[in-house]
Amino acid sequence: MSERTTDPAEPPAHGEGMDCATESFVAYRNLLFTVAYEMLGSATDAEDVLQETWLRWMKVDVAQVSDQRAYLVRITTRQSLNRLRTMKRRKEAYVGPWLPEPLLTTPDVAEDVELAESVSMALMLVLETLSPTERAVFVLREAFDVSYNEIAAAVGKSPAAVRQIAHRARHHVEARRPREAVSPGEARAVLESFQRALQTKDLQGLLDVLAPEVVVISDGGGVKQAAPRPIIGADKVARFIVGGLGKAQVALTSDPIVINGNPALLVRVDGEIDGVIAIRVEDARITGLYYVGNPKKLTHLEAETPLTLR
């Protein structure tokens, strides 16, 4: 097999036996995965997009490409848009609420405030409310600082139209995203209080850490038991949690973990991984609780996934 058909999932060490096209793809692989993941909210689909990007990149005359990063991002964006439309049909048939696929991330993701926010469960959920084109434009412009001309080439719109879409998407997201960024330390402190109340089934402890308007969204995918719709309000949420724990005759444990660059909890039932709890924190209280229990979405918790905006 020639080097031009090397599987990018298992690339050779940088600079060892690679041609120019392969070397470029390997150099930008983490960036391209991050672009696809932020557009799709699914690591599995993002990996498929990378494979499709690789196959198309191998057909390009790299010597004629003046900006390889921009070209690769353009291919990834187009493939992600195609997949977004397919995913829309899957989500319409999905059982219960749909949440993004959680990723165990490297320490540098948590240290990069901009990156950690852009892949946070809270923001990824807001992005779900955008149209495919709006999401692509917002992600490329706001997270990756891609020029309007480059975005226009990627999404098949004029630069003027892209500017309008970007403005509309930004306004939509700003109205729904957390009002202020929370430091990792503050988020960890809030999560620790929640964890103590969770493990001791302390109703008052939960009420103390939950914001009055807190929302719980649980994703079981029709495989794991989950609330069929979001639960809203501190009292309802606290009683739902304590009531559920009281009925379950199981050994439940939770451990701190970094998911999508943000503090989270890995929940085990009788020693087996049951799911991941991510949170949204505002004013030192939890305003969003996101529980991913669908086993198909828990496949990226054993190894760290490198992400980057550069």
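Begin with the largest pocket, which has a volume of about 860 Å³. Here a pocket is an open set of points on a 1 Å grid over the protein atoms alone, where a 1.4 Å probe fits, with protein on both sides within 12 Å along at least five of seven lines; a cavity is a set from which the probe cannot get out, and lining residues have an atom within 4 Å of a point. Grid points are joined across faces, edges and corners, and a volume is the space filled by probe spheres set on the points. The model is predicted: local features need pLDDT of at least 70, side-chain atom pairs count only at pLDDT 80 or more, and totals for chains, interfaces and linings use all residues. Residues are numbered from 1 along each chain as its sequence is written, and side-chain values use heavy atoms, with hydrogens and water left out.

Select Gln225, Phe240, Gly244, Leu245 and Tyr291 to find the centre of the largest pocket; of its 29 lining residues, these are the closest to that point. Then colour the elements that give two or more residues to this lining: helices H10 (184-200) and H12 (234-247), with strands E1 (210-219), E4 (262-269), E5 (272-282) and E6 (285-292). Helices (H or I, at least four residues) and strands (E, at least two) are DSSP runs, numbered from the N terminus. H12 gives the most to the lining of the largest pocket, with six residues. By class, this lining has 17 nonpolar, seven polar and five charged residues, where Ala, Val, Leu, Ile, Met, Phe, Trp, Tyr, Cys and Pro count as nonpolar, Asp, Glu, Lys and Arg as charged, and the others, Gly among them, as polar.

Next, select Glu117, Ser120, Ala181, Val182 and Asn262, which lie nearest the centre of the second largest pocket among its 25 lining residues. This pocket holds about 470 Å³ of space. Helix H5 (113-118), helix H6 (121-127), H10, E4 and E5 each give two or more residues to its lining, and E5 has the largest share, with four. The lining of the second largest pocket comprises 16 nonpolar, five polar and four charged residues.

Now display the strands. Six of them form an open, mixed sheet in the order E2-E1-E6-E5-E4-E3; two strands pair if DSSP finds at least two bridges between them. E2 (231-232) and E3 (252-259) are at the edges with a single partner strand each, so one side of each has no neighbour in the sheet. H10 packs on the sheet and touches E3, E4, E5 and E6, its direction making about 20° with that of E4. Contact means heavy atoms within 4.5 Å; axes are lines fitted to C-alpha atoms, for helices over the stretch in contact, and angles run from 0 to 180 degrees between N-to-C directions.

Finish at helix H1 (residues 20-40), where phenylalanine 33 and tyrosine 37 lie four residues apart, about one turn of the helix. Their rings form a stacked aromatic pair, 6.2 Å centre to centre with 5° between the planes. Rings of Phe, Tyr and Trp (its six-membered ring) pair if their centres lie within 6.5 Å, and planes under 30 degrees apart count as stacked, over 60 as edge-to-face and the rest as tilted.
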